[in-house]
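This report considers pairs of oppositely charged side chains in a protein chain. Please examine the sequence and the structure shown here before reading on.

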Amino acid sequence: STSGFGRVSLRDAFAGVICFVSMLRKALCVSSLAAVSGKVYFSETFGDGWESRWTSSEWKKSDGTQGSWKASAGKWFGDEKEDAGIQTAEDSRFFGLSAGFDSFSNAGKELIIQYQA
């Protein structure tokens, strides 16, 4: 490679193109973040008081096969309080859980539902 406006090797030119494409990709990713942001209508971290916000199903309560839920960070966690969630408390049971949220309309817009398990 040479300095200034002299000749440039094919390897250096290719490296420059790769660098430009990488920078362009990063710029497009950052600019697209603003385009895809939206309003969050419901969010739950299962912190203190989650039991009062959620309703457990009683569908199988009468025949004794309804399971229960418990708050836990599980076996592997970084921060026990921060990583807490809910899990089923028994094996081989029926589980159901629901929570209400304010009414909304997504008329003319996409609706994206995301969850982490």
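The model is predicted: local features need pLDDT of at least 70, side-chain atom pairs count only at pLDDT 80 or more, and totals for chains, interfaces and linings use all residues. Residues are numbered from 1 along each chain as its sequence is written, and side-chain values use heavy atoms, with hydrogens and water left out.

Side chains of opposite charge can pair when their charged atoms come close. A salt bridge is defined here as a side-chain nitrogen of Lys or Arg within 4 Å of a carboxyl oxygen of Asp or Glu. The structure holds three salt bridges.

| Lys or Arg | Asp or Glu | N to O distance |
|---|---|---|
| Arg 53 | Glu 44 | 3.0 Å |
| Lys 81 | Asp 48 | 3.6 Å |
| Lys 60 | Asp 63 | 3.7 Å |

Exposure is judged by relative accessible area: buried means under 20%, exposed over 50%, and partly exposed in between (1.4 Å probe, protein chains only). Lys 81 is exposed at 66%, and Asp 48 is exposed, with a value of 66%. In the pair of Asp 63 and Lys 60, Asp 63 is partly exposed at 45%, whereas Lys 60 is buried at 18%. Arg 53 is partly exposed, at 38%.
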